[in-house]
Amino acid sequence: MTVGYVAYLVVALVVVMFLSAAIRILREYQRGVVFTLGRFTGVKGPGLILLVPFIQQMVRVDLRVVVQDVPPQDVISRDNVSVKVNAVLYFRIVDAERAIIQVEDFMAATNQLAQTTLRSVLGKHELDEMLAERDKLNSDIQEILDQRTDAWGIKVSNVEIKHVDLNESMIRAIAKQAEAERLRRAKVINADGEQQAAAKLVEAGKMLAAEPQAMQLRYFEALHDIAGERSSTVVFPLPVDLLSQFLKQQGK
């Protein structure tokens, strides 16, 4: 009897071990790449998967979006400015077979490819473009990565540049450049205002010269404005035409 119980126990243990090695459960976002005696035989899942122990092996693959941080990269821009740039990479596996068979470690390969692509793309642009046209740069990097990782069964959905770090000397130089640009715009605006004011004065002078009565009215209005000021100084304007006639008589 004791031998029979031991035999049943051994058989039950073998069955449990067989089932534990044969049964796999994959979640909705997982797929299993199955190899039979080392040869690829298919992609299975999700749900319950039955394998032949010691003959078939399965590699789990996660199909969810992976968020990967690209380490800071030393980049020299086209205008010879040294900056440190880091980014965030979003990708997911769309073909589990190629992600396992075509590349040894798709996570490391994608990360290294993102670093080299980030340096090569940003190195073709000037610093102002890095700071002002991030959307365009993100789109260019994403497109290049998506094309190069397509053979690995990976879809790169988005690339976002996080920081563009400059050294202190470059920050001061950019601040001086921005200040000089603001001063230049202020001088241009002031010059435009003077030009417009001069044009209006010439136009007003022509109108007043055509009507002497209008000049006289302006003269009286000026006297009224001066009289309204609370000041001990009285300014009496002298007509220029009267002064010119006086000078002509003196010359004679």
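In this predicted model, E181 counts as partly exposed, with a relative accessibility of 29%. The side chain of E181 meets that of R185 in a salt bridge, with 3.5 Å from N to O. Both residues belong to helix α6 (residues 168-210), where they are four residues apart, or about one turn of the helix. R185 is partly exposed as well, and its relative accessible area is 41%.

In total, the structure holds nine salt bridges. As a reminder, side chains of opposite charge can pair when their charged atoms come close. Another example links the side chains of D95 and R98, with an N to O distance of 3.0 Å. D95 has a relative accessible area of 23% and is therefore partly exposed; R98, at 27%, is also partly exposed. A further salt bridge, at 2.9 Å from N to O, brings together the side chains of D146 and K155. Here the two partners fall into separate classes, because buried means under 20% relative accessible area. D146, at 18%, is buried, whereas K155, at 35% relative accessibility, is partly exposed.

Strand β7 (residues 82-93) pairs with β8 in the antiparallel sense, over ten bridges. In general, strands of a sheet pair through backbone hydrogen bonds, either parallel or antiparallel. The open sheet contains three strands in the order β6-β7-β8, with antiparallel pairing. At its edges lie β6 (66-76) and β8 (154-165), each of which pairs on one side only. On average, neighbouring strands of this sheet are turned by 25° against each other, direction ignored.

Two helices can be followed against this sheet. Helix α3 (residues 106-122) packs on the sheet and touches β6, β7 and β8, and its direction makes about 35° with that of β6. Helix α5 (residues 134-149) packs on the sheet too, touching β7 and β8, with its direction at about 140° to that of β8.

Elsewhere, attention turns to a nonpolar surface patch of about 770 Å², made by V11, V15, F18, L19, I23, I25, L48 and L50. At least two residues of the patch come from each of α1 (2-22), β1 (23-26) and β4 (47-50). The most is given by α1, with four residues. One member of the patch, I23, is found in strand β1 and counts as partly exposed, at 34% relative accessibility.

Technical notes: Residues numbered from 1 in each chain as written. Predicted model: local features only at pLDDT ≥ 70, side-chain atom pairs only at ≥ 80, totals over all residues. Heavy atoms only, no water. Pairing = 2+ DSSP bridges. Axes fitted to C-alpha atoms, helices over the stretch in contact; angles between N-to-C directions. Contact = heavy atoms within 4.5 Å. Patch = residues over 30% accessible without salt bridge, like charges linked within 9 Å, V, L, I, M, F, W, Y side chains within 5 Å. Areas by Shrake-Rupley, 256 points an atom, 1.4 Å probe, with all protein chains shown as cover. Salt bridge = Lys/Arg side-chain N within 4 Å of Asp/Glu carboxyl O. Buried < 20%, exposed > 50% of the residue type's maximum accessible area, 1.4 Å probe, protein only.
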